[in-house]
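Please look through the structure below with these numbered notes beside it.

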Amino acid sequence: NYQQSILAQEKVIPLPRSIPENTKNLLVEESVISAGPNKRIVYNVVKPSLLYYPAKNNISGTSVIIAPGGALQIISIDNEGVEVAKYLNDHGVDAFVLKYSLVHTVNNVFTELNENFFKTDAKRDSMISTIIPYAMKDGLAAISYVRKNAAEYGLNPNRIGFMGFSAGGTVTLSVVYNCNDENRPNFIAPIYSWIGEMEGK
């Protein structure tokens with residue numbers, strides 16, 4: 001089907017699952033909605049992964065991991081992920097788009113997004129505080145993976161960046177405040193981040 005065909009064009013790199021297997025209501029499979037060309041929305045991510053986009057001429061060995069936004073309930077995979085990756089590719093930088101753990105969706109993802117995140121601050125904050133530690137672990141695992149496998153991709157293990165938009169910026173900052181030598185990014189770009197919701201200070 002259409003969903004499978006668009007995903008088949010991307011190299012998918014599985015990451016270790018951060019959400020425990022027995023977590024209630026988080027055992028559903030990842031889903032994708034397409035609202036048109038380059039407008040895919042990913043939701044119900046419980047098995048994190050990276051989508052790899054290599055640059056044709058990366059002379060510096062620089063790479064960037066991109067965490068798209070989506071209020072930690074969806075991932076705006078194209079306009080804050082794939083399109084950014086392609087831009088970086090055009091400028092000689094390899095890119096990895098991170099699909100990180102998200103809040104579970106039961107029925108209609110857009111209805112629940114509106115009810116959970118744009119109407120009730122207390123409910124939103126509670127859901128974010130529950131999921132952000134897992135999303136952060138996914139970000140740390142992504143850096144570890146790229147650094148450990150840098151030679152395979154022809155990359156410099158000391159030139160790994162982490163970029164995030166909105167909720168992805170929250171993941172970016174949470175990564176920075178909880179990293180160690182193995183999974184510390186060499187530079188970051190948190191873009192319109194939710195500062196108050198990050199993990200750590």
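1. Strand β3 pairs with strand β6 (residues 74-75) in the antiparallel sense, over 2 bridges. In β6, Ile75 is the bridge partner of Val42. Two strands count as paired if DSSP finds at least two bridges between them. Strands (E, at least two residues) and helices (H or I, at least four) are DSSP runs, numbered from the N terminus.

2. This is a predicted model, in which local features need pLDDT of at least 70 and side-chain atom pairs count only at pLDDT 80 or more, while totals for chains, interfaces and linings use all residues. Residues are numbered from 1 along each chain as its sequence is written, and side-chain values use heavy atoms, with hydrogens and water left out.

3. β3 also pairs with strand β2 (residues 31-34), in the antiparallel sense over 4 bridges. Here Ser31 stands opposite Tyr43 in β3. Both faces of β3 (residues 40-43) are covered: Arg40 and Val42 on one side, Ile41 and Tyr43 on the other, are all buried. Buried means under 20% relative accessible area, exposed over 50%, and partly exposed in between (1.4 Å probe, protein chains only).

4. In helix α2 (residues 78-90), the buried residues include Val82, Val84, Ala85 and Leu88. The buried residues of α2 pack against β3, β4, β5 (63-67), β7 and β8 (160-165); contact means heavy atoms within 4.5 Å. Just after α2, Gly92 takes a positive phi of about 75 degrees.

5. The structure holds 5 aromatic pairs. Tyr52 and Phe96 form a stacked one, 4.6 Å centre to centre with 25 degrees between the planes. Tyr52 lies in strand β4 (residues 49-53) and Phe96 in strand β7 (residues 94-99), 44 residues apart. Rings of Phe, Tyr and Trp (its six-membered ring) pair if their centres lie within 6.5 Å; planes under 30 degrees apart are stacked, over 60 edge-to-face, the rest tilted.

6. Which residues touch the most other members of the largest nonpolar core? Of its 53 residues, they are Leu50, Ile65, Ile66, Leu72 and Tyr100. α4 gives the most to this core, with 12 residues. Another core, of 6 residues, lies apart from it and includes Tyr43 and Leu113. A nonpolar core is a set of buried Ala, Val, Leu, Ile, Met, Phe, Trp, Tyr and Cys residues joined through side-chain atoms within 4.5 Å.

7. Helix α6 (residues 167-176) is mostly covered, with 9 of its 10 residues buried.
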